[in-house]
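The sequence and the structure are shown first.

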Amino acid sequence: MESGIFHTTYQSDMSLRRTHAQKIRIILFLLFMLAFPFFANRYYLTLANQVGIATIGAIGLNILVGYTGQISLGQGGFMAVGAYAAGIMTARMGLPWWASTLAACLVTALVGAIFGIPSLRLKGLYLAIATLAAQEIILWTVTHWDAVTGGVDALVVPNPTLFGIQLNTDFNFYWVIWALAGLTAILTINLFRTRFGRAFIAIRDQDIAAEVMGVDLFRYKLLAFAVSSFFVGLAGALTAHYRSIVTWERFTVDVSVLYLAMIIIGGLGSVTGSFFGATFMTLLPAILTNLGRALKTSLPFIDSIIPFVQQATFGLVIILFLVLEPEGLNKIWRNIKDYFRLWPFSY
Amino acid sequence: MLRGFRHQLNSSTLQPGELQLRIEDLQLSFGGVTALFNVNLELHQSEILAIIGPNGAGKTSLLNCISGLYHPQKGRILYHRDGEHDLTRLRPHQIARLGIARSFQNIELFRHMTVLDNLLAGCHVHMRANLLASMLYWGPAEREQIEFRQYVEDIIDLLEIESIRKQTVGALSYGLQKRVEMGRALAMKPAILLLDEPMAGMNAEEKEDMARFILDINEEHGVSIVLIEHDMGVVMDISDRVVVLNFGQKIGEGTPDEVRQNPVVIQAYLGEDRSVFPFKMAVNNTSNRG
Ligand SMILES: Nc1ncnc2c1ncn2[C@@H]1O[C@H](COP(=O)(O)OP(=O)(O)OP(=O)(O)O)[C@@H](O)[C@H]1O
Ligand SMILES: [Mg+2]
């Protein structure tokens with residue numbers, strides 16, 4: 001409980017950032033994000049951009065899995081839809097990148113809603129299998145529909161421009177990606193302050209009660225799939241433009257599992273948690289790669305086993321995290337905040 | 001005790017006493033088990049109707065038919081509100097939209113939400129803002145949230161749960177959860193409130209509070225109430241009419257006094273197994289008085 005904070009109107013009580021500490025944290029974070037590109041080298045900018053895209057994708061998946069309780073193994077497939085739709089519209093139809101990105105989000109939302117239909121009958125593991133089928137169907141389509149997607153060949157996407165500026169560097173792309181990540185976060189947080197978000201959570205917590213409260217399960221489950229896929233499609237479309245190349249290997253079921261791991265480690269049903277999870281799962285392999293490289297120079301004879309050690313460490317760290325803090329990084333973050341809230345009187 | 005409600009709680013358009021709900025020849029079975037057999041009953045606007053009967057009599061099944069969760073094999077449930085609707089043909093969310101709200105025998109709250117969010121979730125059918133406006137939390141969407149926050153605060157006042165409004169419901173005591181669940185149903189501005197054992201597992205003081213709230217909702221706001229309850233003392237005190245079910249059949253109906261003296265009802269309970277102790281008490285009371 002925070003003391004000394006008393007909201008005199010419902011409006012201020014219901015506003016998003018209610019305490020000074022929260023406002024200060026947000027401002028510090030924004031300052032850091034604004035300053036970062038001017039100090040970071042190209043490698044760190046690349047990582048930051050990857051984290052940004054992963055954050056958008058993780059928030060999207062969290063809307064469906066964490067908030068609405070509909071498990072999905074179709075993430076990779078939905079990202080592929082976004083990436084290919086955007087890539088094709090930019091490369092073949094000559095649409096400006098932002099128009100094809102928006103259109104790709106809408107296409108992915110529609111595809112997501114269609115593959116969400118089984119959720120009306122299936123729950124839990126059964127739904128997981130149904131969405132896994134969606135994943136495989138989408139990838140099969142992508143690799144076999146040569147006329148449209150180019151099949152297994154890479155689809156080359158021209159560099160986007162914004163206000164006459166070529167978005168051909170990590171520095172320039174950083175602003176686009178993180179502006180959209182910020183927008184995704186705000187839209188999602190808002191969503192869960194209104195009837196739509198509450199209906200989603202209601203479906204997760206107690207679907208029969210939700211129905212009896214007037215929530216049309218059919219509509220709202222499909223809507224959850226659509227809204228979730230919209231943002232996942234955005235992550236896919238950004239990947240296409242950022243990488244300038246779209247290949248199906250980037251969207252396999254591994255990606256679906258990776259994103260599930262992100263939101264579980266970050267925190268289910270939390271936007272901040274999605275960001276933490278995306279950061280963690282992007283940076284950890286990078287750190288392990290760097291460590292491996294350092295080891296290789298000092299201990300050349302273990303060269304061949306380094307990849308295995310990296311994989312094993314990756315798995316081990318994830319397991320340790322899940323065992324030590326099952327509620328994810330977001331919980332750890334909350335504990336830290338709680339500790340400092342009462343500081344210096346915390347005991 | 002009207003606590004200055006800023007919004008209308010009851011959304012019914014009928015006058016007190018008008019026929020609101022009429023159940024005709026309702027029949028429901030699960031495989032070989034007959035849960036309801038030829039049940040007929042009526043509910044009038046602003047009435048408190050108690051449904052009593054031993055375990056397994058079909059009380060919950062009856063509520064489940066009304067709220068569209070169970071599909072009876074035979075019979076109709078006619079509901080009056082801007083015309084006549086047969087509820088057996090509607091889906092649960094459509095029935096909710098028509099103003100029928102309920103609580104569950106085994107509390108079915110949204111466990112991970114706060115009390116406030118549970119009640120706001122109850123306002124679902126009355127909120128209008130579209131998806132885009134909601135995600136932008138723009139203009140009408142924000143105004144709507146504030147407006148319903150006020151409404152929900154009135155319910156919080158009514159049920160005296162001010163101090164827990166920001167707590168997660170999963171962590172609350174059983175008694176408080178029952179209260180919050182009733183609050184969530186009230187947030188729907190119901191014309192009919194279906195309560196499935198709202199006082200089960202409560203101590204005497206909690207029961208008294210709950211009875212007071214139910215009377216408040218009924219008398220001050222005119223909401224019709226269908227109440228399933230095992231505590232005969234409470235049933236006799238607050239209900240206008242009582243319907244008795246046994247093995248899925250209606251075996252008695254009338255004012256609390258009539259039902260108490262109905263020989264068929266007494267017989268049914270005397271033949272009942274003794275574990276249903278509130279009934280035994282009730283029957284004993286009756287015979288003492290008779
Ligand atoms: N979903 C179901 N599937 C199978 N049988 C059911 C189902 N729901 C109820 N029944 C059966 O229908 C009968 C009536 O049950 P119901 O729950 O309506 O009784 P009740 O009067 O509410 O009892 P209690 O006082 O114990 O709550 C019982 O025999 C029960 O086993
Ligand atoms: Mg029951």
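A polar contact is a pair of N or O atoms within 3.5 Å; within protein, one atom must be able to donate a hydrogen and the other to accept it. In this predicted model, 11 residue pairs are in polar contact between chain A and chain B, both residues of each pair being at pLDDT 80 or more.

On the side of chain A that touches chain B, at least two residues come from each of helix 1 (10-14), helix 8 (170-191), helix 9 (195-205), helix 10 (207-212) and helix 11 (217-243) of chain A. Helix 9 of chain A provides the largest share of that side, eight residues. By residue class, the side of chain A that touches chain B comprises 20 nonpolar, five polar and nine charged residues.

In total, 34 residues of chain A contact 41 residues of chain B. About 3400 Å² is buried between chain A and chain B, and carbon and sulfur atoms give 64% of this area. Two salt bridges are found across the interface of chain A and chain B; in the one between B:Arg91 and A:Asp216, the closest N and O atoms are 3.3 Å apart.

The metal site involves chain B. B:Thr60 (OG1) and B:Gln105 (OE1) coordinate the magnesium ion (ligand 2) at 1.9 to 2.1 Å. These two residues lie 45 residues apart and link distant parts of the chain: B:Thr60 belongs to helix 1 (residues 59-66) of chain B, and B:Gln105 to the loop between strand 6 (100-102) and helix 3 (115-122) of chain B. Their accessibilities are as follows.

| Residue | Relative accessible area | Class |
|---|---|---|
| B:Thr60 | 25% | partly exposed |
| B:Gln105 | 29% | partly exposed |

Conventions
Residues are numbered from 1 along each chain as its sequence is written. Chains are lettered from A and ligands numbered from 1 in the order in which they are written. This is a predicted model: local features need pLDDT of at least 70, side-chain atom pairs count only at pLDDT 80 or more; totals for chains, interfaces and linings use all residues. Side-chain values use heavy atoms; hydrogens and water are left out. Donors are N, O and S atoms within 2.8 Å of the metal (3.2 Å for Na, K and Ca); water is not among the atoms, so sites may look incomplete. Helices (H or I, at least four residues) and strands (E, at least two) are DSSP runs, numbered from the N terminus. Buried means under 20% relative accessible area, exposed over 50%, partly exposed in between (1.4 Å probe, protein chains only). Contact means heavy atoms within 4.5 Å. Buried area is the accessible area (1.4 Å probe) that two parts lose on being put together, summed over both. A salt bridge is a side-chain nitrogen of Lys or Arg within 4 Å of a carboxyl oxygen of Asp or Glu. A polar contact is a pair of N or O atoms within 3.5 Å; within protein, one must be able to donate a hydrogen and the other to accept it, and residues adjacent in sequence count only if both atoms are side-chain atoms. Ala, Val, Leu, Ile, Met, Phe, Trp, Tyr, Cys and Pro count as nonpolar, Asp, Glu, Lys and Arg as charged, and the others, Gly among them, as polar.
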